[in-house]
Structures are given as structure tokens and as C-alpha cells.
Amino acid sequence: MLLGIRNHKPFLDVKTVESCRSYIDELYSSDTQKCHQAIICLKNSVIGSNRQKGNVIAQGIVTRLMQLLGDTSLPADLRSEAAITLGSLAKGTLTHLKQLIDVGLVPVLLNSILTSDNNKLTEACLRCVMSVFRHPSAPVDLIFFDSPLVTTLLGLVMQSTTNQICVTTILSASTKTVEHQRLLCEQGAVYTLAGLLSSSIPAVIMPSLNFLANLVYQNHNVASSVATASYGGKAVPDIIVGHMSRQKPTEMQLASARCLTYLHRAGAVSSDDPKILFKTLPILVVLCKKDRPCQERVRAAETLAYLTEVDTELQRLASISNHLIPTLADLLHYQPAENNNNLVHVHIHDFVMSQDMKQAAFRAFASLGANDEDIRKKIIETDNLMGHIVSGLQDPCAGVRLAAVRCLHSLSRSVQQLRTTFQDTSWHNPLMHLLQGASDDILSVASSTLCNLLLDFSPSKEPILESGAVDLLCNLTRRPDPALRLNGIWALMNMAFQAEQKIKSQILNTLGTDQIFRLLSDPQVNVLMKTLGLLRNLLSTKPHIDHIMGLHGTQIMQAVILILEGNHSAEVKEQALCILANIGDGDTAKDYIMANEDVLKKLQDYMMHNNVKLQIAAIFCISNLVWKDESGSAERQAKLKEMGVYRLLQQLIMTSDTLLFDK
């Protein structure tokens, strides 16, 4: 099945091309010899000249070249020259590429590849597609529009070195989804790559490594197929390791390390495998060094961040390897080389490179400090990192802001640093400002960071509150994304812990009891649990309990009953019973329980429940209700005794559970 060609309009710019006016007319000649010669003249005129490429594209000549290429009745040599000329145009600027894409060139090229039986024509089309796919908006999804195209491309690989380079580059740029990975794997891409990786030609090996990395990325099934595949009696992972020797170009070492990193993270190679411990990790650390090219350092640091993101032992080993932490800190001090040309594009490149280096450093620090307190301390004490993070939170580049807040989130897991370094840094306003109107990615990480910064032992709580955190967090609980709802309610729970009464009242008034009910009905159990945790923290300290119950007692009791009567786990119901126990600890608040026969009967039922934790929580509530030193205790004791609570307690005296017996 052939790919459809979009309708298009010729370019409106009718600038003349004086240097080639004499043969442009002959491009439209029905005489194939004249037309062929005209294409060759046109090809020669655009080679090496972006200005001339722009003139040709502006005249609408691309449309004629596409017609010639797509006409299967014409000689293959003529069509090949048309494809070669289009390929030359595709080596121009990104603007030129976008114009070629917009005029519908890619479908014509792909149809020609599908129908061609001429090697020269096929290679010319492949080269052109490879060039066009450099553009970020290239229609790479067309590769998977029809599975025969994938089959054709993989079948072309072994016909020539040019095909090998082009096909692997094209498929590397196109492989974006799990479905793409699955289809390629089913079509034999793994075995094809195994053969290509055994090549002695660096120009073939490099795109093959890049293709392999995209093929296995976050795909356990495909990664497992690659890890167990072999070629010439040698396992693919061992072939990859062979490209990591010091004799190989560092670009190839890095691409190989990236492949093994992806194989590890996909679960196909373990973290204690020598290929990871003694090859991949050390190479990535070395390639972060100051003497390496900037782009290589960025790629190495980002790959290292991904390699160490979830493995504590890899984090520990990396942190003590070859002065890695100061090496990463140096990325934050990028200084472009002196350039006297003062060209605008040079300054733009330097600005982008500076952002890339910051982003890579923050990502790597976030991974290294994810679990270990000592590593976090080393990171924070290196080179005024907190100052760089604060600057990163305000960076004009969204990627840098996201990486900076991830780094802050990782470091905020440190109890010691929350009490010291974080207290001394003015990061509160930048973080709160970042949360205003942020993308969901940034919002998710930044709100997780707030959860940590609002812990009871953190001195950061007060300045965060002053920055309008309550309104922001309450709004998060209303978001459709469950992760944002969870972060919002979790942070509010931490904020309410041992808080002053005015803060608790502000949380309740801003959140509203209607929203609390919605959160208690949330399909995400974690959201429900943190909402109950918030209610427990709000209802602590006698004066606070009585004050809050005086304002919202009826609604809170309804919320507790809703949970106790619902189809919930024992852990959820235990939280509800603990809320009742807190209410029972108030002076006037306990009247809400004593006046509710239904709740009292539920407490009796849970006293005899087969889950010990629920029994303990129910008895704890009863204990608070009948505490003898409090006013009205005798009346409450009499009522509960009349209901049979005393008899139930006597039965429980015989329990073999020590915790239950103590209660």
C-alpha cells in the first residue's frame, strides 16, 4: 500500500534565479534528455550554497522535482538525479527543511523507496529522508504508517553501507512508542542490529547504537530480547562493551554506555553486572570531565542521572568516583570560549549550551542525592549549590526550572539539611512563584518538594505559609491529575501537623468541607488516606479540637461515618477511628460522639472486630470518652456501661494480644 501525497500550493515567492534561468524551463520539458541535463545543472548550482538552495525552494522548483521523482514511467537515472538534488536541498538550513516538509516531500520519498528496484534511486531517497528527519517537526510517524515500509527498510540494510547508515538513522529518529518498538522487534530489528554492531565501520556503528538505545528504552520485553541475542557467537551486550574500549572514539563509548544504561533501566541487565559497574558507570563519570566537549559532557551527565536514578548502590559508587560531584558542579559555571566575531548565532548557541549544562548537572545531582543523607550533604556543600538552584528555579528555560526543582526535591528529603542549609537560603519566593501557572510536570515535582518542606521539623514552614501556600495547595486538591491531588492534600496534612489554630482554621476554611467530602470519596486510596491524615492533624490539641468541632462538627462526624460504613480497607477505617479518638479527647467535642447512638454502636462493633488494629483504635476512643479526670466522665461511663461497653471490655481482658490487653 502506497502512502498518500498531500495536496499543496506552490511557493508564492517568485524571485528569479538568474544563474540558472537558462535551464529551469527545460526541467518542464517532455524531452527526458533535456530534463535530465537540467536537473544535473540545478544540482550543481545548489551544492554548498544555502543561498542558492533558498532561491530554488522559493521558486517552487521543488514541486517539479517531486513530480519527476514520483513518475515511475521515467528512467531511473533521471529520477535518481531528482532525488539527489532534493537531498542536496535537504542539507540546507532548518528553514529550508521545514519548507520541504510542508510541501509534502517525505511521502513522495517513502513511496519511491517502496516501489524502487534501482539501488542508486533507493540510496538517494534514503539519504534525503535521513536529512529531512533532522528537523524536529519531520513527519517521522509516516515510517510506521504501513508495516511493509518497515519491512522494506530493514530488508535494504544489508545491501550497502550507505543503506545501513541511512536506515538506522531514519529508524532511530522514528522509534517513539512502545508499539513502534514491538513492531521493529517482530520484524527482526534486533538480529539486524546485532549484525550492524559487529561492523568495523564507525559510521555504521554509531547510528546503530543510537537506534538500539531508542529500541530498548523503557521496554522490558524488547530489552530482554536484545540482552539474550547474539551474533557470531557473541552476546549483544558484550558486542556493545567492545565499543567502550579506550581505543574507540569517545562519542562511540558514550553511545555504548547509553545503550547499556537503557538495557539496565529496562530490567534486562542487573545493576551489579560488571558491564554496568566497571564499564558503563566509570565511562560516564570520565566523560563528564572538563576536558571533554560540552555536548559530550551534557549527554554523559544526563545518561549518568538516568543510570543512577533508582539504585542506591550505583548512587553511592558514582558519588565517590573520580571527583564526580565537583565535576558536575563545574557544569554550572559554563564559560563560552572567547569569540571575536560577535555573531548572533554564536551567542544563541552559547546560551543554549549553558542551559543544557545546568539542566544536566541538576538532573545528575537529583539522582545522586535521591536516597543517601551523606551524599546529599556532599552535594549541598559543593560550590554554593543552593544558590545555583535558586537561580535555576527562575531560569527562562522550562527545562532548567524543572531540573532545578527536581534537584531541590531530592535534597529536601534530608532531615538535617531541612533544619540547616534550607533555612539559610532564600528559595521560598522563587519556588512559590514557580508554582504559579506552572506546567503539570513542574507542578508535580514542586508540590512534592513542598510536602517535604512542610514537615513538622522544617523551619521552612512559616515563610512558605506567608507566600500563599494554603490557597495553592487547596487548589491542587481540585486538579484532575491524581498525583497533583495527592501532593496537595499531603502537603496540607504536613502543614497542619502541630500547627497553630489560625493555620488550621485557614486550611479548613480554604479547603471547605464539601471538598473534604470529595477527597474522602476519591478513587485513589492514597488521596483518601492523606485526607484522613489531614483531619487527624487538624483535630489535635484540646482547644483546637473543640474549636474546630464547634464550627464543623456535624460535617466531620458525617465524614467519619462515611468512611466507617464504606467498603474500605482496615488501614483506612483505622484512620477514621483514630479521628474519632481525637474528637473524644476534646472537652466539648466528645459530645458529638456521645450524642450519636449510631457511632457508639459502631465503636462497639469495632471493639470485637477480628482486626486487632481496629479493636485498639476503637478502645482508644472509648478510653478518651470515659477518662475519669474530665468533667462529665461519670455520666459518660454510665451510658456506655448501659450500652454493654463494660461487658465487652471484660471479654477483651482475656486476649492474648499484649497491645490490645494494655488498652
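Modeller: Let's start with the domains: the centres of domain 1 and domain 2 are 82 Å apart, taken over C-alpha atoms. Keep in mind that this is a predicted model. The domain assignment puts domain 1 at 19-138 and domain 2 at 558-662.

The buried ones are Leu105, Val106, Pro107, Val108, Leu109, Leu110, Asn111, Ser112 and Ile113. What lies over them? The cover includes helix H4 (61-70), helix H5 (76-89) and helix H6 (94-102), along with helix H8 (119-132) and helix H9 (147-156).

Next comes a helix pair, H27 (residues 440-453) and H30 (residues 482-496). Their axes come within 8 Å and cross at roughly 20°. An angle under 35 degrees counts as roughly parallel, so that is what H27 is to H30. The crossing of H27 past H30 is left-handed. On the H27 side, the contact is made by Asp440, Leu443, Ser444, Ser447, Ser448 and Cys451. Across from them, H30 brings in Leu484, Asn487, Trp490, Ala491 and Asn494. By type, the residues of this contact divide into 5 nonpolar, 5 polar and 1 charged.

Leaving aside residues up to four places away in sequence, threonine 531 touches Ile489, Ile516, Leu519 and Leu520.

Past H33, the loop between H33 and helix H34 (542-565) holds threonine 541. Here phi is near 80°, a positive value in a residue other than glycine. Threonine 541 has a relative accessible area of 46%, so it is partly exposed.

Asparagine 322 belongs in this backbone story too. Its phi is positive, about 50°, although asparagine 322 is not a glycine. You'll find asparagine 322 in the loop between helix H19 (312-319) and helix H20 (324-330). With 39% relative accessibility, asparagine 322 counts as partly exposed.

Terms used
Residues numbered from 1 in each chain as written. Predicted model: local features only at pLDDT ≥ 70, side-chain atom pairs only at ≥ 80, totals over all residues. Heavy atoms only, no water. Buried < 20%, exposed > 50% of the residue type's maximum accessible area, 1.4 Å probe, protein only. Helix = DSSP H or I, 4+ residues; strand = E, 2+ residues; numbered from the N terminus. Contact = heavy atoms within 4.5 Å. Domains from an automatic or database assignment. Axes fitted to C-alpha atoms, helices over the stretch in contact; angles between N-to-C directions. Parallel < 35°, antiparallel > 145°, perpendicular 65-115°, else oblique. Left-handed = near helix turned anticlockwise from the far one by under 90°. Nonpolar A, V, L, I, M, F, W, Y, C, P; charged D, E, K, R; others polar.
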